[in-house]
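Subject: Structure handover and notes

Dear colleague,

Please find below the structure I promised to pass on, together with its sequence. My notes on what was found follow directly after it.

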Amino acid sequence: MVVLTIRQYGDPVLKQATKDVEELDGTVAKLVDDMVETMYAAPGVGLAANQVGVQRRLFVYDIGDGPRAIINPRIVEASGEWTFEEGCLSVPGLSWQIVRPNQVHLVGLNLDGEEISIEADEYEGRVFQHEVDHLDGTLLLERLDEEQRRDALKILRARALAG
Ligand code: ZN
């Protein structure tokens, strides 16, 4: 397994929506293995394919029950509201209290191509929303309120200048 480079804020690949995986072949299985390895090395609890520069609709996560991959995930229902401190491996070292729906219903496929349907809330629900956002080309910065966003952009601009 290979630890891949995680793309950072400013990389255009993070702003592009991914395409559905059409065929679950060996390259997808290998990509999932490498993404899991990369997520653990970071360390993080979730990783979307475009975060490692691959424009395919899949993510991996592990919230404590072992690694899982969701292929072609979609959130088909969301309800409630929950505020949680959220960070992102592509925007390292920063986190914000972000309000999002609490419960979500996620559908997709597992690596064997079987349909899966998961009702998740709180932490798991948050991970799903964060990763599906990535696959739609949306970073958590777009979920901040105006003031948080102003502060965040100030920090990120200063970083870009320093780098
Ligand atoms: Zn992220």
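Helices (H or I, at least four residues) and strands (E, at least two) are DSSP runs, numbered from the N terminus. Please keep in mind that this is a predicted model, in which local features need pLDDT of at least 70 and side-chain atom pairs count only at pLDDT 80 or more, while totals for chains, interfaces and linings use all residues. Residues are numbered from 1 along each chain as its sequence is written, and side-chain values use heavy atoms, with hydrogens and water left out.

Overall fold

The protein has three helices and seven strands, and from the N terminus on these elements follow the order α-β-β-β-β-β-β-β-α-α. For 163 residues, a compact globule would have a radius of gyration near 15 Å, and the value for the protein, 15 Å, agrees with that; the radius is taken over C-alpha atoms, and the globule rule is 2.2 Å times the number of residues to the power 0.38. Along its principal axes the C-alpha trace spans about 45 × 35 × 25 Å. Of the 163 residues, 43% count as buried, where buried means under 20% relative accessible area, exposed over 50%, and partly exposed in between (1.4 Å probe, protein chains only). Among contacts (heavy atoms within 4.5 Å) with a separation of 6 or more, 65% are accounted for by residues 24 or more positions apart.

The zinc site

The zinc ion is coordinated by Cys-88 through SG and by His-130 and His-134 through NE2, at 2.0 to 2.3 Å. Donors here are N, O and S atoms within 2.8 Å of the metal (3.2 Å for Na, K and Ca), and water is not among the atoms, so sites may look incomplete. In sequence, the donor residues of the zinc ion are spaced C-x41-H-x3-H. Cys-88 lies in strand β4 (residues 82-88) and His-130 in helix α2 (residues 122-135), so the pair ties together parts that are 42 residues apart in sequence. Both Cys-88 and His-130 are buried.

Glu-122, which is placed in helix α2, has a positive phi near 40° although it is a residue other than glycine, and at 40% relative accessibility Glu-122 counts as partly exposed. Arg-126 also lies in helix α2, but Arg-126 is buried, with a relative accessible area of 2%. Leaving aside residues up to four places away in sequence, Arg-126 touches several residues, including Trp-82, Phe-84, Glu-86 and Ile-98.

Gly-108 sits in strand β6 (residues 103-109) and counts as buried at 10% relative accessibility. Not counting residues up to four places away in sequence, Gly-108 touches, among others, Ile-70, Asn-72 and Glu-115. Gly-108 and Arg-74 are 34 residues apart in sequence, yet their C-alpha atoms are 6.3 Å apart in space. Asn-72 itself lies in strand β3 (residues 68-79) and is buried, with a relative accessible area of 13%; although Asn-72 is not a glycine, it has a positive phi of about 50°.

A cis peptide bond

Finally, Ala-42 and Pro-43 are joined by a cis peptide bond, with omega about -10°. Pro-43 lies in the loop between α1 (26-41) and β1 (46-48).
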